[in-house]
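Reader: I would like to learn how to read the annotated domains, the salt bridges and the surface charge of a model, one feature at a time.

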Amino acid sequence: MDYKNAGVDIEAGYKSVELMKKHVQETMRPEVLTNIGGFSGAFSMEKFKDMEKPTLVSGTDGVGTKLKLAFTLDKHDTIGIDCVAMCVNDIACAGGEPLFFLDYIACGKNEPEKIATIVSGVAEGCKQSAAALIGGETAEMPGFYPEDEYDLAGFAVGVVDEKDLITGKELKAGDVLIGMSSSGVHSNGFSLVRKVFNMKREALDTYYDSLGGTLGEALLAPTKIYVKALRSVKEAGVRIKACSHITGGGFYENIPRMLCDGVRAVVKKDSYPIPPIFKMLANDGDIAEESMYNTFNMGLGMILAVDSADVDQTMEAIKAAGEAPYIVGSIEAGEKGVTLC
């Protein structure tokens, strides 16, 4: 008896690392001091010592049951973008610049080509956010996961000068809410999605004119990464007063998280286009509107609050970064919370 007969192929692990190296290398930043394959990743903070009070911000998350679609469609090259996005978007909406990322893949059987494909998506997410992929772990766990399934999670660290932290403390009545469009469902609410739609391959491969593609393509579309857009706003000289990454819990849970006491967010539902996939979800699942806004991002992946005098400059900065912004509401005096109208 040996480890391979027990279900863990060490040689496959070595091959996975070799296959993913080219993808990892494309994410490198000058501050990275170690090579892939070591016991840890080292990252120099020399560049940030000129900040008044350099402050680390971090985020960790996984992809959730969206992975089930990747298994069914046997498409694994974009799911890593979701993993990175869920972490770096959280860092960015606190005002941070993502520095580096580490991933964790647990699988029933290590298939080196599949693992490398997953990591290629992680690397793409890192490139989109200018974060270095400085390490990770692939754990082969036979008997714990089915052979053709895996889980994917990650961890990111960023930096911000303490004075530039986005906290919501400066919010006041009259501030304007600007939303950035999502690519679709992103990576939240898939336990409900999988109850509404038939998750068989044939159903996911069905083309819909309203979606402009197949159902599977619409659902598997990777989460947008808003790091570049938020950086563009900052570089334009605009002070972002508050910011919310619209993830699990939709509008009702996430928007209040960016507010201080004594103010309320008012969002106009008709102020931006809602992607067709959400209308299909509501209709096919007979889901009440309130539940939709309490579960999904409904077409807005990030919402930020700025002073009314900074609206035009903010909109232009977001557009310059390649994202679609919409004026979606305002801040009013009142009990902390959100009103949809």
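Reader: At which residues does UniProt place the feature "domain: PurM-like N-terminal"?

Author: First, a word on the basis: this is a predicted model, in which local features need pLDDT of at least 70 and side-chain atom pairs count only at pLDDT 80 or more, while totals for chains, interfaces and linings use all residues. Residues are numbered from 1 along each chain as its sequence is written, and side-chain values use heavy atoms, with hydrogens and water left out. UniProt positions are given in this numbering, with shortened feature names, and annotations may be inferred rather than shown by experiment. In an unreviewed entry, UniProt places "domain: PurM-like N-terminal" at residues 55–160. Over residues 55–160 the chain is 37% helix and 37% strand, with the end C-alpha atoms 5 Å apart; here helices (H or I, at least four residues) and strands (E, at least two) are DSSP runs, numbered from the N terminus.

Reader: Which residues does UniProt list for "domain: PurM-like C-terminal"?

Author: The unreviewed entry lists residues 172–337 for that domain, and over this stretch the chain is 34% helix and 22% strand, its end C-alpha atoms lying 14 Å apart.

Reader: How many salt bridges does the count come to?

Author: A salt bridge is a side-chain nitrogen of Lys or Arg within 4 Å of a carboxyl oxygen of Asp or Glu, and by this rule the count comes to 23. In one of them, the side chains of Lys-66 and Asp-82 meet at 2.9 Å, N to O. Lys-66 lies in the loop between strand E1 (54–62) and helix H2 (67–73), and Asp-82 in helix H3 (residues 79–92), so the pair ties together parts that are 16 residues apart in sequence.

Reader: Are Lys-66 and Asp-82 buried or exposed?

Author: Buried means under 20% relative accessible area, exposed over 50%, and partly exposed in between (1.4 Å probe, protein chains only); both Lys-66 and Asp-82 are buried. By contrast, the salt bridge of Asp-77 and Lys-75 (2.8 Å, N to O) joins two partly exposed residues, with Asp-77 at 33% relative accessibility and Lys-75 at 36%.

Reader: Which residues gather in a patch of negative charge on the surface?

Author: Patches are made of residues with over 30% relative accessible area and no salt bridge, like charges being joined within 9 Å and nonpolar side chains (Val, Leu, Ile, Met, Phe, Trp, Tyr) within 5 Å. Asp-74, Glu-111, Glu-147 and Asp-148 gather in the negative patch. Glu-111 lies in the loop between strand E2 (97–107) and helix H4 (112–129), and counts as partly exposed because its relative accessibility is 31%.

Key. Areas by Shrake-Rupley, 256 points an atom, 1.4 Å probe, with all protein chains shown as cover. Lys, Arg positive; Asp, Glu negative; His and termini not counted. Charge placed at Lys NZ, Arg CZ, Asp CG, Glu CD.
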